[in-house]
Amino acid sequence: MKRIDWNTLDEAGRVAALARPAQSRSAELKAGVAAIIDQVRTQGDAALRAFCARYDGVTLDALEVDAAEFAQAEAVLDAALKAAIREAAARIEHFHRGAAPQAVAVETAPGVRVERVLRPIARVGLYVPAGSAPLPSTALMLGVPARLAGCPETVLCSPARADGRCDPAVLYAARVAGVQRVFKLGGAQAIAAMAYGTASVPRCDKLFGPGNAWVTEAKQQVAADPDGAAIDMPAGPSEVLVIADADADPAFVAADLLSQAEHGADSQAILLSPSSALIERVAAEVARQCEALPRRAIAAQALAQSRLIEVASLEQAVMVSNRYAPEHLILQVAAPRALLPQVQSAGSVFLGAWTPEAVGDYCSGSNHVLPTYGYARSHSGVSVASFQKQITVQELSAEGLRAIGPCTATLAAAEQLEAHRRAVSLRLAALEAMETRA
């Protein structure tokens, strides 16, 4: 990890210090993804089977997981793992149910009622990666809020293993979350199938979930196509930023940095601290702990583009963090809640020494599908609201139109929209005539 003193840098140096690993959007990647999408659109299931053979090394007769495979997945899973999946699902549901948007009705003037009603997205597509490691937790993070939102149909895609089956933990988590249909598909081809539909895979209205560069590029391409599908958010590699004071436990800090570094070679971990001594101890701990990790080679690549940054104060650390807008922000300081009001941009925040980011990945109840690559400046993580449409409704009585009609007419006239003005003024005249006759 590169060590940096923030206050010795000029603006160009600060930009470089917070630079993320470059996302791969090469011309070759874009063209490759576009070709996969086109092949799925034109050849449907035949293209999906061909891609499964090419990329996953399996020949599939049926693309969809059947009841027997779900039953076998449940039978082979360790009882403790199944219990942990159910426990995590319950906490995710508890938080997401409490945080779900509510219908609202307000009288904005006498006789003027304005409402917000909620409607679920009809069919949603969930993507659960299973490349270097399967992610049953992602099935929970996407499936539970989709169910709470009331989505009539939920489709999930996850790559097949070499034996032609999906990871059993992913299948079990999908069933616990309430997902109705699962397909053995991965990569850009899975995104294309859910966005446009095939004979086997239903076309979805909105797609959710993380993935590699090919999946991310496919999501962006289908979202840009009017005939494609909406997506949850822009995404990039996983990242964490830790703010730690002089009294923070260096072993805890190092463990949190490594928990993101092991995600992938393009992940990034940043430490901000006003304590030079702590930074030294954390650097030593990172090196020591990394050696013991099964995924140390991956973590080492991520650490090569990670940073240890010395700042003047905790307040300056938060300013730097807001500039970076991390996916995960850990406040490992003596009084973390004192800093929380200053936090403006972060996907999810973890307060204090006893709150590792890993609990948010799995079972604290918050969602781990979060904006990365600086998109936390303008985007939020997945929630029940992500799976719903919010529709406004208004209803005016005659009294209500008399109350706000003149305001409407004046504004319409100012914008030179005469038909708008008349739509109101004709009604006001009719009301006046009715009163005259009475």
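Me: Why is His 420 called exposed?
Reply: In this predicted model, His 420 has a relative accessibility of 53%. Exposed means over 50% relative accessible area, buried under 20%, and partly exposed in between, with a 1.4 Å probe and protein chains only; therefore His 420 counts as exposed. His 420 lies in helix H17 (residues 418-437). Residues are numbered from 1 along each chain as its sequence is written. Local features need pLDDT of at least 70, side-chain atom pairs count only at pLDDT 80 or more, and totals for chains, interfaces and linings use all residues, while side-chain values use heavy atoms, with hydrogens and water left out.

Me: Is Asp 361 buried or exposed, and what is the value?
Reply: Asp 361 has a relative accessible area of 11%, so this residue is buried. Its place is in helix H15 (residues 357-362).

Me: How do you know that the listed "binding site" residues do not all gather at one spot?
Reply: The unreviewed UniProt entry lists Gln 260, His 263, Asp 361 and His 420, and such annotations may be inferred rather than shown by experiment. They span 161 residues in sequence and the farthest two C-alpha atoms are 55.2 Å apart, so they do not all gather at one spot.

Me: What makes H6 roughly parallel to H7?
Reply: The axes of helix H6 (residues 136-149) and helix H7 (residues 168-177) come within 8 Å and cross at roughly 15°. Angles under 35 degrees count as roughly parallel, over 145 as roughly antiparallel, 65 to 115 as roughly perpendicular and the rest as oblique; therefore H6 is roughly parallel to H7.

Technical notes: Axes fitted to C-alpha atoms, helices over the stretch in contact; angles between N-to-C directions. Helix = DSSP H or I, 4+ residues; strand = E, 2+ residues; numbered from the N terminus.
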